[in-house]
Amino acid sequence: MKNKPKKKKRTLTYAAISVGVIIIGMSIFFVYSSEQAKMRGQAFGKAIEFVQEDIRKQTHMFDSKISMFKQGNINKDELLEFAEKHENEMEKIILRYDNLQTPKLFIPSVKLFKLSAETQLDSERYTIEWIKTGDDAAYIRSDSLWQQSLQYEQAALLEFNLVQRQANP
């Protein structure tokens, strides 16, 4: 009979140790998982920052070339050659939005950032059409799309910052 209480004690000890190991293991997993999520979030933040910065640089170069053209510092052919390269570069940059490892909560803001960039590119295409043809309707359409692009970007920033504040109270 003395064997049974000893066996029962041993079983309880093993059970307690097992529960302790499971609790410690789960704690380590959750801390590790949380750190991984934080690192993925930081990587996403940097990646979208790079995409946005590349779009800003391309748009600035385009605007500079347009100003140079208007001032007579470059001719129409030089501008159109640049515009073709610019359009190709912008399309490549815009495609980078699709390759982001976007956390679920940030998907709406990334879609708005992409829409803003696409609308900006459409605006620039109408500017080029205006330069090619002299059609004022193309220039007006370009201006309208440019304003729409800014609205999309502002909405994207608002959404992005809102989600970011909720994630990091």
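Contact here means heavy atoms within 4.5 Å. The model is predicted: local features need pLDDT of at least 70, side-chain atom pairs count only at pLDDT 80 or more, and totals for chains, interfaces and linings use all residues. Residues are numbered from 1 along each chain as its sequence is written, and side-chain values use heavy atoms, with hydrogens and water left out.

**Exercise 1.** State which residues Lys-114 is in contact with, leaving aside neighbours within four places in sequence.

Solution. Start with the element: Lys-114 sits in helix 3, where helices (H or I, at least four residues) are DSSP runs numbered from the N terminus. Next, list the partners, which are Ile-94, Tyr-97 and Asp-98. Finally, take a distance: Leu-95 is 19 residues from Lys-114 along the chain, and their C-alpha atoms are separated by 8.6 Å.

**Exercise 2.** Describe the secondary structure of the chain and the share of its residues that count as buried.

Solution. The chain has four helices and zero strands, strands being DSSP runs of E with at least two residues. Along the sequence the pattern reads α-α-α-α. Of the 169 residues, 25% count as buried, that is, under 20% relative accessible area with a 1.4 Å probe and protein chains only. Among contacts with a separation of 6 or more, 71% come from residues 24 or more positions apart.

**Exercise 3.** Identify the residues that touch the most other members of the largest nonpolar core.

Solution. A nonpolar core is a set of buried Ala, Val, Leu, Ile, Met, Phe, Trp, Tyr and Cys residues joined through side-chain atoms within 4.5 Å. The largest has 17 residues, and Phe-44, Ile-48, Ile-55 and Tyr-97 touch the most other members. Helix 1, helix 2 (76-95), helix 3 and helix 4 each supply at least two residues of this core. Another core, of 10 residues, lies apart from it and includes Leu-79, Ala-83, Ile-128 and Trp-130. Not counting residues up to four places away in sequence, Phe-44 touches Leu-100, Gln-101, Thr-102, Pro-103, Phe-106, Val-110 and Phe-160.

**Exercise 4.** Classify Leu-150 as buried, partly exposed or exposed.

Solution. First, locate Leu-150: it belongs to helix 4. The partly exposed class lies between the buried limit and the exposed one, which is over 50%. At 33% relative accessibility, Leu-150 is therefore partly exposed.
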